[in-house]
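I opened the coordinates and went through them from overall fold to single residues. These are my notes.

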Amino acid sequence: MKSKKIFVTALLTSGLILSSSGLALADTTPAPKTSTNSAQSQADKDAYQAALAKYKIALTQYRVAMINNDIAYRTAKEQYRLDWNTTEKAYWAAWQSSIATFRAARDAYEAKLAPIQLAYKTAIDAAGSAFIAATTGTPTVEALNAAITAYFTATKAANTAYKSAVVTVGAEPVRPVQPAALVKPVAPVKPVDPTKPVAPVRNK
C-alpha cells in the first residue's frame with residue numbers, strides 16, 4: 001500500500017514538471033509575424049528607397065553646382081586678369097603718348113629758339129670783344145667810359161632783341177602731369193560651395 005502511494009506521488013510530480021516545462025516553452029516561442037508588421041516593414045523599405053532616390057538626385061545636383069562654381073570662378077579670375085592688364089596698358093600708353101607729344105613740342109620749340117639764341121650769343125660775344133679791345137693797353141678815362149657805355153648799350157640791345165624774338169616763337173611747352181597711379185580692383189571672390197546632401201539612414 002505504501003509503495004502505491006509513492007508511485008502515485010511520483011507520477012503527480014512528473015506531471016507538474018512536464019506541465020511547467022510546457023508553459024516555459026510556450027512563453028519563449030516567438031510570436032508569428034502578423035500582416036501588420038509585414039506592411040510596416042514594406043512601408044519602411046519604400047520610404048527608404050524614395051529617400052535614397054531623392055538623395056541620388058540631390059547628390060548629382062550638388063556635383064553639378066560644384067563644377068559650375070569652379071568654372072565660373074576660373075572664368076571670373078581670367079577676365080579680371082585680362083581687364084587689369086588692359087587697364088594698365090591703356091594707362092601707360094596714354095601717359096607715354098602725352099610724354100611723346102610733349103617731347104615733340106619741346107623739340108620743335110627748341111628748334112625755333114636755336115637761331116635766336118645763336119644770334120643773341122653772337123651779339124653778346126661781339127659786345128664783349130669790342131669792350132676788351134677798347135680797354136686793352138693804356139686808354140684814357142674817356143675811352144674807358146666810352147667802352148663801358150658801348151658795352152652796356154650793345155648788351156641791352158641784344159637782350160631786347162632776344163626777348164622780342166622769343167615772344168614770336170610762342171609759349172614754351174609745359175610737361176604734362178602724370179595721372180594718379182591706378183588702384184587695382186578687388187579680385188573676384190570664390191563662390192560659396194553648396195551644402196552637400198546627407199544620405200538617408202536605413203532602418204534595421
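**Ground rules.** I am working with a predicted model, in which local features need pLDDT of at least 70 and side-chain atom pairs count only at pLDDT 80 or more, while totals for chains, interfaces and linings use all residues. Numbering starts from 1 along each chain as its sequence is written, and side-chain values use heavy atoms, with hydrogens and water left out.

**Confidence.** I checked pLDDT, the predictor's confidence in each residue from 0 to 100. The protein chain averages 86, and 82% of the residues score at least 70. Helix H1 (residues 2-28) is lowest with a mean of 44, and H3 is highest at 96. Over residues 1-27 pLDDT stays under 50, and the model has zero contacts there beyond four places in sequence. Contact here means heavy atoms within 4.5 Å.

**Fold.** I found three helices and zero strands. Both are DSSP runs numbered from the N terminus: helices are H or I with at least four residues, strands are E with at least two. Of contacts with a separation of 6 or more, 92% join residues 24 or more positions apart. I then looked at burial (buried is under 20% relative accessible area, exposed over 50%, partly exposed in between, with a 1.4 Å probe and protein chains only). Of the 204 residues, 12% count as buried.

**Helix H3.** Gly170 follows H3, with a positive phi near 105 degrees.

**Cores.** I looked for nonpolar cores (sets of buried Ala, Val, Leu, Ile, Met, Phe, Trp, Tyr and Cys residues joined through side-chain atoms within 4.5 Å). The largest has six residues: Tyr109, Leu113, Ile116, Ala165, Val166 and Val169. Helix H2 (35-135) and H3 each give two or more residues to this core. A second, separate core has five residues, among them Tyr48, Leu52, Tyr55 and Leu59.

**Thr155.** This residue lies in H3. Is Thr155 buried or exposed? Thr155 is buried, because its relative accessible area is 11%. The Thr155 side chain reaches the backbone oxygen of Phe152 at 3.1 Å. Leaving aside neighbours within four places in sequence, Thr155 is in contact with Ile124 and Ala127.

Key: Polar contact = N/O pair within 3.5 Å; in protein donor to acceptor, adjacent residues only side chain to side chain.
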